[in-house]
Amino acid sequence: PSSHKFSFERANKLKAFIDTLVTLYVLDLVPIEFYLTEDFDEMQKARGLECYMGMGNLKNTPGGRTDGTNKIIYSGGGDEYYAHEIVHIYLSPLFPNCHYYFGEGIATYYGGSICYPLEWHIKRMAQYLDKHLEIDLNDLFSFWYMDKLTNPAYVFGGLFCQMALEKGGLKKLKKLMNYGTKPEDFYTAIGKEFGVKKEKLNEFLRKEIKKRAEKIK
């Protein structure tokens, strides 16, 4: 946007993030087109959409989309540092058989979401769950919306990616990312990798989210 002053500091931070990511996963650098717009609606217009479902709802909320095929990142309301979508560009091709929660989870673990790190969203999720005891996380996919800032899929997916790295490093994380794309594949993955059965998921996630949130300043 003409009103935006380019930040070399934020751009260099993104460059450093990319260097770290490609080193960690032993990848080649790829050319990426990055489009920055004033808000989410302007971003959708840049993608070629004059109208879309939910138009106007994210006017003041940063967001973005990735065109993985053409290596294009669209950012609405953000700035030069957009690590979440960078993760999608580089890591999504490595894990074409991963469940949506894990795909968004790994992007949130490394790159945050809506300009905030995973820990920030975990803390918000813990507070939300404390106020909403009626939510049954055994049926995790029925809890698909929390608010405009925190996406349940990103939080729970990020949590499991974090746990995989803590328990077995990249090897375990890569294994988690290859169970399949269907709902039953997700439950199979957490059962085999973390010993959590579907009928115990509500109890497990509430305790784990609360425990981690209490350690976050």
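Reader: Are Glu 193 and Lys 172 buried or exposed?

Author: With buried meaning under 20% relative accessible area, exposed over 50% and partly exposed in between (1.4 Å probe, protein chains only), Glu 193 and Lys 172 fall in one class. This is a predicted model, in which local features need pLDDT of at least 70 and side-chain atom pairs count only at pLDDT 80 or more, while totals for chains, interfaces and linings use all residues. Residues are numbered from 1 along each chain as its sequence is written, and side-chain values use heavy atoms, with hydrogens and water left out. Both Glu 193 and Lys 172 are buried.

Reader: How far apart are the closest N and O atoms of Glu 193 and Lys 172?

Author: A salt bridge requires a side-chain nitrogen of Lys or Arg within 4 Å of a carboxyl oxygen of Asp or Glu, and by this rule the count comes to 10 salt bridges. Glu 193 forms one with Lys 172, and their closest N and O atoms are apart by 2.9 Å.

Reader: Which residues are joined into one network with Glu 208 and Arg 212?

Author: The side chains of Glu 208 and Arg 212 meet in a salt bridge at 2.7 Å, N to O. Glu 208 counts as buried because its relative accessibility is 9%, and Arg 212 counts as buried at 16%. Salt bridges that share partners join into one network Glu 208 and Arg 212 with Glu 166 and Lys 211.
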